[in-house]
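Hi everyone, thanks for coming. Let me put the sequence and the model up on the screen, and then I'll talk you through a few parts of it.

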Amino acid sequence: MMSHVPTLLSFLDGQHDRQVEFLRELVRVPSDNPPGDCEAIARRAQSLLQDLGLEVEAHVVPTELVQANGMRSAVNLIVRHRFGPGGPVIALNAHGDVVPPGEGWRRDPYGGDIEHDAQHGPVMYGRGVAVSKSDFATYTWALLALREAQRQGAAMHGAVELHFTFDEEAGGEIGPRWLLDQGLSSPDYAVSAGFGYAVTSAHNGCLHVEVSVQGRQAHAAMPETGLDALEAATQVLQALYAFRAELAGRRSGTPGIGAPTLNVGLIHGGINTNVVPDRVTFRVDRRMIPEEAGHDAEAELRGIVEAAIARRPGCAATVRRIMLAQPLTQLPGAERLIEPLRRHAARIMQADIPVQGVPLYTDARHYTQRGIPTVLYGAGPRTLVEAGGHNADENLRLEDLRKATQVVTLTLAELLG
């Protein structure tokens with residue numbers, strides 16, 4: 001199979017402009033999540049893929065599941081191609097939903113504008129161009145290149161599936177997890193969207209909870225007749241912040257990942273300035289390092305809240321889970337993906353390619369939770385920070401798109417050959 005490398009690379013070079021235009025078309029379809037109205041982007045992706053001669057399965061997620069996930073609409077896409085009998089089934093997963101643009105953009109977040117950078121060449125700007133609509137293009141053209149090599153006589157065994165989903169920003173529960181739960185796919189390996197030169201083999205987990213502190217309202221002129229929920233919440237917050245300092249001492253042994261974190265990012269409460277507040281709610285983000293996989297972080301938080309509120313007689317507190325994403329850990333067999341990705345990337349990128357973890361969380365965990373060896377790799381600059389992922393003026397160097405596509409293509413060709 002590797003004798004067909006010139007065919008693969010020549011095909012990709014000849015298709016680069018078409019690949020860039022495909023990506024631009026995706027960037028131009030808003031797919032903010034929230035609010036999570038993602039049928040339009042799915043249907044546009046489906047149309048573009050069909051225009052390339054690919055057969056596309058469109059799986060509509062039931063409305064009640066979509067709404068329970070905090071979204072408005074979701075359609076998952078699968079493209080399957082079997083190259084020959086036997087061999088592994090390899091899934092390539094990227095998500096088309098994006099965080100809202102926010103402020104500070106100097107360019108149209110849905111323009112797909114391309115500018116020339118003196119150092120890096122052409123650069124495309126737009127929300128989702130790096131995370132992770134770029135890998136719709138990366139994975140699609142890797143598959144197209146392999147199909148072209150097959151037409152020219154390359155012998156391959158196994159299958160490639162494209163899993164294009166649209167709920168990663170809401171947790172991936174009705175994207176990859178739903179596809180696997182429904183029995184629509186059962187791959188042997190998975191590669192999920194990346195965002196830098198490194199091969200990502202692990203990432204943090206994340207727990208979101210809402211803490212509600214209940215007191216009793218009273219006139220501000222007679223505060224002693226009430227129970228101040230804000231004062232009680234302050235005591236709970238102090239306990240949580242003390243715990244945050246303790247977490248800083250739990251260091252991960254995974255390169256690229258530091259310590260667990262805790263953040264209170266949203267708070268609401270009170271009735272009016274002249275009323276003792278009767279209820280205060282706040283939301284906590286607790287990031288879990290890979291070593292905490294299986295660790296009950298939620299029970300730990302609940303214990304801290306319960307101990308703190310017990311010191312405020314008459315007040316009560318409840319803890320409600322909003323979301324739980326387990327850490328991604330490297331499974332046995334993942335080295336079959338890691339080794340060729342790293343080797344081809346080092347040669348093509350002319351750079352050292354680390355294998356590391358990242359402190360965020362992704363859809364990839366849904367594959368590993370099914371025992372499927374999974375890594376993250378795709379188009380992007382050396383780091384997510386350089387790409388402006390989840391930031392203003394998110395961008396992708398188009399030469400990095402070309403090179404990442406080559407890396408994925410050659411890796412798949414090796415695994416299928």
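This is a predicted model: local features need pLDDT of at least 70, side-chain atom pairs count only at pLDDT 80 or more; totals for chains, interfaces and linings use all residues.

Residues are numbered from 1 along each chain as its sequence is written, and side-chain values use heavy atoms, with hydrogens and water left out.

Let's start with the sheet. Helices (H or I, at least four residues) and strands (E, at least two) are DSSP runs, numbered from the N terminus, and two strands pair if DSSP finds at least two bridges between them. Four strands make an open, antiparallel sheet in the order 11-13-9-14. Strand 11 (261-269) and strand 14 (316-325) sit at the edges with a single partner strand each, so one side of each has no neighbour in the sheet. From one strand to the next, the twist averages 20°; angles run from 0 to 180 degrees between N-to-C directions, with axes fitted to C-alpha atoms, for helices over the stretch in contact.

In this sheet, strand 9 (residues 205-214) and strand 13 (residues 279-288) pair over ten bridges.

Helix 6 (residues 229-247) lies across strands 9, 11 and 13, at about 10° to strand 13. Helix 7 (residues 297-309) lies across strands 9, 11, 13 and 14, at about 165° to strand 14.

So what does R286 do with its side chain? It meets E300 in a salt bridge, 3.5 Å from N to O; the rule is a side-chain nitrogen of Lys or Arg within 4 Å of a carboxyl oxygen of Asp or Glu. That pair links R286 in strand 13 to E300 in helix 7. Is R286 buried or exposed? R286 is buried, at 0% relative accessibility, while E300 is partly exposed at 22%. Here buried means under 20% relative accessible area, exposed over 50%, and partly exposed in between (1.4 Å probe, protein chains only).

By this rule there are 31 salt bridges. In another one, the closest N and O atoms of R370 and D181 are 2.1 Å apart. R370 is in the loop between helix 9 (365-368) and strand 16 (374-376), and D181 is in helix 5 (residues 176-181), so the pair ties together parts 189 residues apart in sequence.

Technical notes. Contact means heavy atoms within 4.5 Å.
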